[in-house]
Amino acid sequence: MFKNYLKIALRDLKKRKAYAVLNILGLAIGLSCLLLIFEYVAHERSYDRFQDLADRIVRLRLDSYRSGELLWKSATVYPAIAPTMKKDFPEVEGFCRLIDAELLLSNDERDVKFSETKGYFADPASLRMLAVNLQKGNPATALSGPDKIVISETMAKKYFGDEEPMGKRLTVRDPQGTWTYEVTGVFHDYPRNSHLIIEYLVSYATLGKIIRSAWGDTTNATETSWGWYDFYSYVLLKPGADWKALEAKLPAFCDRYIHSREFARNNNIRNKLSLLPMSDIHLYSNYNQEAEVNGNGRAVSFLFLIAFFIIGIAWINYINLATARSMERAREIGVRKVLGALRVDLIRQFLIESVLLNVIALVVALLTVSELAPVFHQFIGRTEVAGFSMPVSYWLGTLTIFVVGSLLAGLYPAFVLSGYQPVLVLKGVFKNRRNSQTLRKGLIVAQFAASVALIAGTMIVYRQVEFMRRQSLGANINQTLVLNAAASFSDSLYQNAYQPFKNEALSINGIKNLTASSSVMGKEIYWTTGGRRLVEGAGTIALYHLGVDYDFVPSYNLELKAGRNFSEDFTTDDKTALLNELAVKQLGFESIESAVNQKIRRGRDTLTVVGVVANFHQQGLQKAIDPIIMLLRPDIRGYYSAKIQTTDVQGTIAALQKIWDKHFPADPFSFFFLDELFDQQYRADMVFGKVFGAFAFLAVLIACFGLLGLSAYNVVQRTKEIGVRKVLGASVVSIAGLLSKDFVKLVLVANLAAWPIAYFAMNRWLQDFAYRIEIGLWVFALAGGVALLIALLTVSTQAIKAALANPVEALRYE
């Protein structure tokens, strides 16, 4: 019997090729979208799940409040917290801490040198907890003791070529001196689907040694500090421990160890500690001092939902197209019932046809995504991945959705078609039930409600991304070439090398100016210290520090709102500061003018405010502006920013490199363009916008197939009416309008349903941005207008075709 059903289904598809192609095309596009979105979502949700202990590891987060007002939320905490938790809480099995280790590394034997930024000073337990799998070396001792480093396979190749790296030494040069680290391990390249990019780890004891020798620290700050909050801290829980229960104990922990300290009491400082499972960091952590730019969990959830919207629209199309051709099959059904076919037999027949169409569409979809996967990966920036791949769980989920959806989509047409009364059908008295018409119209409303919401969402995402990219930053970052500053000279010798370099660099025709600073726009400022006014009762705020030279303010076109810039005419400017407007406000000055020439206390130093600059965005517009203090540091060596002309960029860079090699022979010449760096902060949002827009377009396209099916069905139902109207003199325009008006009503109803849903969803998405657009009513009106126009164009093809048909043929058909 099944073979017979299958033969009939194939014969029917062959007979009605246009119907089959339209159905298969819509379903294949829907399934292709489902597969591609699922792969994207699976990748985003795979971060850090490769680690065996990931389900037992949580990362600490620190929030700081002053007088109840939030100062910051940081992904880093004090170094004393993790070991103290290990001591106080029995559910804590272990911990590890990381802190950035940006190094100027060289293998002097091979004259190989690079500036390295993707590594950390790390506790010995980091190897196990972070799943750093050593190919060579002993995990138990590789990071035990000072002056040890473990490196990736790629890094080993870079510095040692084909030589054996184990036991060799790499030289580190910085302003405090020259050090050598022994290579005690080589690990397999760290997976890219991690919230950390790890190319090397330096033993944690090395950091303590550096601080003691360079700064004379006798407090063992890397172990005991409750004020230095630059440490990523991970806690390993014992099997079965509940991280939420542990988190509930942390307020008392803060009271015991932090709030009882003199600084916290005197400045009304309160800290809040939170925990976040490691596998959630990539999608649900966007705080200060994140190790890398993370994803957006809300955006990923939206895309996941869109996948169901699209495949749902595709299956609705099948229902509408199947019912649109019900007139064609009515006589077939009547004859088969007269010849003894039972309703259950007809239902089986139609379900097999539905499954067959869906299986063909699935095969087409699989072939499509296998071909489109590299293009899609390029589109979203995953250039390291070639073919299409998903975890087994997502394949099983896709298969379940496919089977259930195919059956459900086939059930409605099967029950409707098999329910026709043979006597009425064979007499030519055939009319669909009112509830069937209502359901079909409801499905069209659902399709276009989803389409309108997706069109509006695409517009809002595009406007937000463009708003962030085009908004004035308060600083000019265009045509800015940034060099990683020289680090090989000691402080006493640095100026003797830097100033001649700067003077010679400025003689290049393509360079307009050059300035040195501790950080640049697009880089998060980690240098923070408490500051307050020198008045009784003044509170302390966290000030974000920029060390700059005399040329920083004019080079970046920062606007001086009051006072003056640093100047070589004033010999005491090393005891002065510039503040941004937000710092002036938070310090409690009545106006920016009143802040000039006032004293502030910064750490142990007393400084005079000589000027106030307008607020500027140090980071992307996802994050709020911070209170910034600028200190005059002519010998600062973080970055050199050169404003260049665009006529011969490569020639300018080549000339600059020659001068660099002359003055800084031990330092690698590395650079980046500042506008490109700044745009990297928006990469996740731009990818989301592109993916959202592309799939929204495909969803609308598929919805048009459904509308085409319903309009074709409507024309068939009203064939006699159209013929009579034409005989009585109705014009083509009036008939096209008659056939289109019902669909216009459906699209208008869809707008009413879509607008509040789209507003609620997109407004939630916008909450992730400190600076965001306002959602105007015009966005939804335009989205609705676009959907209406698309619907009219789709329906008009059938309406005009019917209006132009010969009425004699229409009446003869009836």
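View 1. V359 is partly exposed at 37% relative accessible area (buried is under 20%, exposed over 50%, partly exposed in between; 1.4 Å probe, protein chains only). This is a predicted model, in which local features need pLDDT of at least 70 and side-chain atom pairs count only at pLDDT 80 or more, while totals for chains, interfaces and linings use all residues. Residues are numbered from 1 along each chain as its sequence is written, and side-chain values use heavy atoms, leaving out hydrogens and water. V359 belongs to helix α14 (helices are DSSP runs of H or I with at least four residues, strands runs of E with at least two, numbered from the N terminus). Helix α14 (343-380) and helix α15 (392-418) each give at least two residues to the nonpolar patch, and α14 provides the largest share, four residues.

**View 2. F114 meets Y159.** Here is one aromatic pair (ring centres of Phe, Tyr or Trp, its six-membered ring, within 6.5 Å; planes under 30 degrees apart are stacked, over 60 edge-to-face, the rest tilted). The count comes to 35 aromatic pairs. With ring centres 5.6 Å apart and planes at 85°, F114 and Y159 are edge-to-face. Because F114 sits in strand β5 (residues 112-116) and Y159 in helix α5 (residues 153-160), the pair ties together parts 45 residues apart in sequence. F114 is partly exposed at 31%, whereas Y159 is buried at 0%.

**View 3. A charge over F114.** The charged end of K158 sits over the F114 ring, 4.6 Å from its centre (NZ of Lys or CZ of Arg within 6 Å of the ring centre and within 35 degrees of the ring normal).
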